[in-house]
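Morning, everyone. I'll take one structure today and walk through it piece by piece. Please have the viewer open.

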Amino acid sequence: MTKRILVVEDQEDNRRILRDMLTNVGYEVFEAEHGGKALAAATSHHPDLILMDIQLPVLDGYEATRQLKAEPTLREIPIIVITSYALSGDEGKARAAGCDDYVTKPFSPRQLLAKIRSYLS
Amino acid sequence: MDGEHISGNGSDALKQRRGRIVRRYFLTFVALVGGSLLATLVLEMGFRIWETRWNLEVVHRQMAELAALRIRNYIENVADAVRHAAQARHVAQGRVSGEYITDLRDLLRNVPAIRDVLAIGLDGHETMRLSRIGASSLDGSTDHSAEPYFAAARAGKTYFGPVMFPADSFEPRITIAVPIEPFRGEIIGVLTATVNVRYVWDVVQEIHVGGSGYAYVVSDSGALVAHPDLFLVLQRKDFSTLPQVAALRNLAQDGASIGTYENVYGKWVLASHAAVPDVGWTVMVERPLTEAYGPLMASLARTGGILLVACLTAVGAAALLGRRVLYPIEELRRGAARLEAGDLETKLSVKTGDEFEELAEDFNRMAARLRESYADLEKKVEIRTRQLEEKSRQLELESRHKSQFLANMSHELRTPLNAILGYTELIMDGVYGEPSEQMNSVLERVDINGRHLLGLINDVLDLSKIEAGQLTLSLTEYSLQEVVQSVFTGVEALAAGKGLAFRTDVQADLPRGRGDERRIAQVLLNLTGNAIKFTDAGEVTIKASAHNGTFTIAVRDTGPGIDQADQARIFAEFQQVDGSPTRTKGGSGLGLSIAKRIVEMHGGRIWVESTRGSGSTFSFTLPIALERQAAHA
């Protein structure tokens, strides 16, 4: 059964890199451009994992994470937050918002893939 | 305290100086005024004494001469009467006739002073005698021809005999002898008259000099002829021993006519004299000194008194004037001292209405000007300070804006770079089809350069954030051992690639620390990375220990070392040690600067010990348990 991953990322390049990387290894990828769309996409597609960028328009990653975790039907979905480099306290804030794990930009696609696999195996 | 001390000294000095000024001016003034007054007094006294003496001398001499003249006139009158009687009309056979007795009677009747008369013939024998007291008989046996009066008269002169004090009377007498000349040149005898000089007493009695001055007459032998004090005459007092009388003998007639002597009563008198010719007497005029000089003394006393009062007034005036002069000077000095001490509000109040007041006003104007300048200066300083503060705020704001801009810019730079690195990795991983060997080697170069660029951008971003005050430490518990281990693991491959011995020396049982683990790791990674980067042979060691609540972490290498001069510079921004070996190593030059900031934000210290050619040791300390971030470095 194909695992489904929701990528919440506002930047086209980053979305494409993640999409190419993930589809290349056989995952099904859904995309949302900002936090506001994340909730709807998660509800309609019910992914197996969510990759959440922090710096997002409309609704930022923390708030989106909080809302997803507040939804009983969605709170089981693991969320990996992609924090921006050097913004101190991001990890703590991400943890506080309820994410399951985080990676710091710049991430290595290989390392991220390894982390995703550990959640989906 | 110092001010008081100084002002205390100042007032002492002032007092001393005041003493000097007062003494000097006061004494000068007193000396001048007193001296001139005294000189005036002395001169005045001298002149007055001299003048008085001269006046007294003139007056006394005149008195004496007047008395002498009167006595002489009296004597001369008597002598004239005798001479008149000697012009005998009753002459017979060369001698006076019996009728001559009437002439002699007339003489006695006319001149009461004549006691008796005696006519002597040329042979020296008495020819006729007439006495006032009863009858007198001729003494035929007595020869008068050897007597001095006979000789003198016989020679045609009038003879005045010495004063005699007869035993039967207390009245002194003299003998007057004249030639009996019926015709001029025809002397037929000598007529002698015994004259009672008691009548001179009356003359002397009438002479009064001043209040108690008197005159008396002495004979050439010093015998007292007449004196207002009759008792002295009756006593037949010998005056020849009296100094003023004795002095007469030693003096020429015109010698000093006046002198100060003790009189017969032992009183000091001013004595002058005048000679009575013919009889050889001297009239002495004496006046007590106290009386003679009385008016002078009184006048001098008055003058002296006036001078004394003037002197006292002068002294008082000097003192007053001195104080009057001194007060404004002191006031000025005090004002100057206050001004010097910084009291610009000093205002002098000198109301003397003279140059001192003008000076004080000048002083006040000066102080006011000073005050204005000072206020002006303060205002200027305030304005400048405000301007500087404003400028400083602006600069700070600008700096913050710049840092913010850099932070934003770095973020913006990083985003596309991340995309480039991501795509590169995907291509290398064959996501878009298997790349050729050649493509792979190029992609590897793209990846390495991209990561290098990312590192530079990250450094700039870090420093910008620190400068913008946006970097805050995320304080959590951490294990220093794990931090060292993770860094070691991270760069182990790098050291191995250069063939360096790389090891850690961590003290056993290190306590857990509290701080920003990721930032501490960043610092250690930077130091270790540098050590490996700059060391071509030998070893790199990370040493960690805890002591007195402080972690000390040191990274030692056997690299080229750093010059003493460069050691301080390398922690500053954008500073790299020049020289080809280091320049070729690349890097932003911000790593150590960032490390320093992070360590200092933890309240620690970072430093380097190095000698050129024998490696370097970079060390930093951290408080083991950091409760609050230290102020921004």
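Predicted model: local features only at pLDDT ≥ 70, side-chain atom pairs only at ≥ 80, totals over all residues.

Start with chain A. Chain A has 121 residues, and 50% of them count as buried. It holds 5 helices and 5 strands. Read from the N terminus, the order is β-α-β-α-β-α-β-α-β-α. Now look at the contacts in chain A between residues at least 6 apart in sequence. Of those, 62% join residues at least 24 apart.

Next, the interface. The area buried between the two chains is about 1,900 Å². Carbon and sulfur atoms give 51% of that area. On the chain B side, B:Y423, B:E425 and B:R518 lose the most area to chain A. Together those three account for 25% of what that side buries.

Now the polar part of the interface. The rule finds 4 residue pairs in polar contact across the two chains, both residues at pLDDT 80 or more.

On to charge pairs. Side chains of opposite charge can pair when their charged atoms come close. The structure holds 35 salt bridges over all chains. Across the interface of chain B and chain A, there are 2. One pair to look at is A:R110 with B:E425, where the closest N and O atoms are 3.4 Å apart. A:R110 sits in helix α5 (residues 109-120) of chain A and B:E425 in helix α9 of chain B, so this pair joins two chains. B:E425 is buried, at 3%. Recall that B:E425 is also among the chain B residues that lose the most area to chain A. And the pair does not stand alone. A:R110, B:E425, B:D429, B:D447 and B:R451 are linked in a network of salt bridges.

Compare a pair inside chain B. B:D80 and B:R83 meet in a salt bridge of 2.8 Å, N to O. Both lie in helix α1 of chain B, 3 residues apart, which is about one turn of the helix. B:D80 counts as partly exposed, at 40% relative accessibility. B:R83 is partly exposed too, at 26%.

Now a buried arginine. B:R287 lies in strand β12 of chain B. Its relative accessible area is 14%, so B:R287 counts as buried, the cut-off being under 20%. Its side chain meets that of B:E291 in a salt bridge, 2.8 Å from N to O.

Next, the cores. The largest nonpolar core has 66 residues. Which of them have the most contacts inside it? B:I71, B:I114, B:L191 and B:W281. Helix α1 (residues 2-86) of chain B supplies the largest share of this core, 12 residues. There is a second, separate core of 46 residues, which includes B:L473, B:L510, B:L527 and B:F618.

One covered helix. In α15 (residues 591-601) of chain B, 9 of its 11 residues are buried. Among them are B:L592, B:I594, B:R597 and B:V599. The buried residues of α15 pack against α10, α12, β18 (606-610) and β19 (616-623) of chain B. Just after this helix, B:G603 takes a positive phi of about 85°.

Last, two non-glycine residues with positive phi. B:D278 has phi near 70°. It lies in the loop between β11 (268-276) and β12 (281-288) of chain B. B:D278 is partly exposed, at 41%. B:D509 has phi near 60°. It lies in the loop between β14 (501-506) and β15 (513-515) of chain B. B:D509 counts as exposed, at 74%.

That's my tour. Over to you.

Conventions: Residues numbered from 1 in each chain as written. Chains lettered and ligands numbered in written order. Heavy atoms only, no water. Core = buried A, V, L, I, M, F, W, Y, C linked by side-chain atoms within 4.5 Å. Buried < 20%, exposed > 50% of the residue type's maximum accessible area, 1.4 Å probe, protein only. Helix = DSSP H or I, 4+ residues; strand = E, 2+ residues; numbered from the N terminus. Buried area = accessible area lost by both parts, 1.4 Å probe. Salt bridge = Lys/Arg side-chain N within 4 Å of Asp/Glu carboxyl O. Polar contact = N/O pair within 3.5 Å; in protein donor to acceptor, adjacent residues only side chain to side chain. Contact = heavy atoms within 4.5 Å.
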